[in-house]
Amino acid sequence: MSSNNEMPVAAAAAAASGGGRGMEIRLPQPELTFEQQKERLLVRKSEQADSSLVSSYATRRVGDPSDIVALAQFVNTANNFTKATVSGKLELICDQIRGLQEQARRVLESAQRDVELTNARCNFVKKPGSIYHLYRRTHAHGESETFFSMLSPGEWGDRQPADTEFVESYRLEFDMSYTPLPEIHRKDNSRRIDPVLLGLAPAQMGDEEVQAIELGPH
């Protein structure tokens, strides 16, 4: 038996030293016992690995004062951020309130002016969209009154009475409000809309067609 087992080994050695140069000779590995396989599969406990994966200080401590300090710093930072955000929003709201107050003041002034113009004397029927001229007449006893005329100061010429002075020209709007002559162009522009922007007209429309779409009287 021993001679038979030694023959392949001797032949392999002779081949490796001679004509079989360059060929790899693999000898059969001895079989591992169950205990040896078990030892190879088990992971050995390492103190260094335990310390790197789990901190005993972090798992065994009851409380850390530094956590309270960090929490206080976080709350303080959050409070400062909240105060800055709220302050910016309140400032924006205050600006909007001031803007609304200014708009309300202008609306009240315009309403008061419209009431006075509506109560001015007039000997004809006023039509919305037309321009009328306001005059003030002063009587001999010192009292004065306002009245509307279809004639402008240029149209009066030398026939304008000496006790009459020109005040302003107004256009009567369709909501029965009055627009001073110098503000008519600005008001008409504010009524102009962009139908392309609002999706009311195709983008292929020309500038003249777009400007033709307006709100209010022409």
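**Entry 1: a polar contact**

Which residue's side chain does the side chain of T179 meet in a polar contact? I looked it up and found E173, with 2.6 Å between the two side chains. One caution for my own notes: this is a predicted model.

I then checked where T179 sits, and it belongs to strand β4. T179 has a relative accessible area of 3%, so I put it down as buried. Leaving aside neighbours within four places in sequence, I listed the contacts of T179 as S169, Y170, R171, E173, I184 and K187.

Is E173 buried or exposed? I found a relative accessible area of 0%, so E173 is buried. R171 comes out at 5%, so R171 is buried too. R171 was also on my contact list for T179.

**Entry 2: the sheet**

Next I stepped back to the strands. I traced 4 strands in an open sheet, and their order is β2-β1-β3-β4 with antiparallel pairing. On average, neighbouring strands are turned by 40° against each other, direction ignored.

I went through the pairs in turn:

- β1, residues 131-138, is joined to β2 by 6 bridges, and the two run antiparallel. H133 has S149 as its bridge partner in β2.
- β1 also pairs with β3 (residues 164-172), antiparallel, over 7 bridges. Here Y132 is opposite Y170 of β3.
- β3 and β4 are antiparallel as well, with 3 bridges between them. Y170 turns up again, this time opposite P180 of β4.

The hairpin of β3 and β4 has 5 residues between the strands, and I noted that M176 there takes a positive phi near 65°.

**Entry 3: the rings**

How many aromatic pairs are there? I get a count of 6. The pair I opened up was F148 with Y178: the ring centres are 5.6 Å apart and the planes meet at 10°, so I call the pair stacked. F148 is in strand β2 and Y178 is in strand β4, so to speak a link between distant parts of the chain, 30 residues apart. F148 has a relative accessible area of 4%, so F148 is buried. Y178 is at 3%, and therefore buried as well.

Y178 has another ring to pair with. The centres of the Y170 and Y178 rings are 6.3 Å apart with planes at 85°, so this pair is edge-to-face. Both Y170 and Y178 are buried. That is the Y170 I had already found opposite Y132 and opposite P180.

I also found one aromatic cluster made of Y135, F147, W156 and F166.

**Entry 4: more charged pairs**

Back to the charges. Side chains of opposite charge can pair when their charged atoms come close. I count 11 salt bridges in the structure.

Which residue does R106 bridge to? The partner is E102, with the closest N and O atoms 3.5 Å apart. R106 and E102 both belong to helix α5 (residues 65-118), where they are 4 residues apart, about one turn of the helix. I get 43% relative accessibility for R106, so R106 is partly exposed. E102 is at 31%, so E102 is also partly exposed. This pair belongs to a network of salt bridges that links E102, R105, R106 and E109.

E183 has a relative accessible area of 34%, so E183 is partly exposed. R186 is at 55%, which is over 50%, so R186 counts as exposed.

**Entry 5: what I am keeping**

Methods. Residues are numbered from 1 along each chain as its sequence is written. This is a predicted model: local features need pLDDT of at least 70, side-chain atom pairs count only at pLDDT 80 or more; totals for chains, interfaces and linings use all residues. Side-chain values use heavy atoms; hydrogens and water are left out. Two strands pair if DSSP finds at least two bridges between them. Axes are lines fitted to C-alpha atoms, for helices over the stretch in contact, and angles run from 0 to 180 degrees between N-to-C directions. Rings of Phe, Tyr and Trp (its six-membered ring) pair if their centres lie within 6.5 Å; planes under 30 degrees apart count as stacked, over 60 as edge-to-face and the rest as tilted. Buried means under 20% relative accessible area, exposed over 50%, partly exposed in between (1.4 Å probe, protein chains only). A salt bridge is a side-chain nitrogen of Lys or Arg within 4 Å of a carboxyl oxygen of Asp or Glu. A polar contact is a pair of N or O atoms within 3.5 Å; within protein, one must be able to donate a hydrogen and the other to accept it, and residues adjacent in sequence count only if both atoms are side-chain atoms. Contact means heavy atoms within 4.5 Å.
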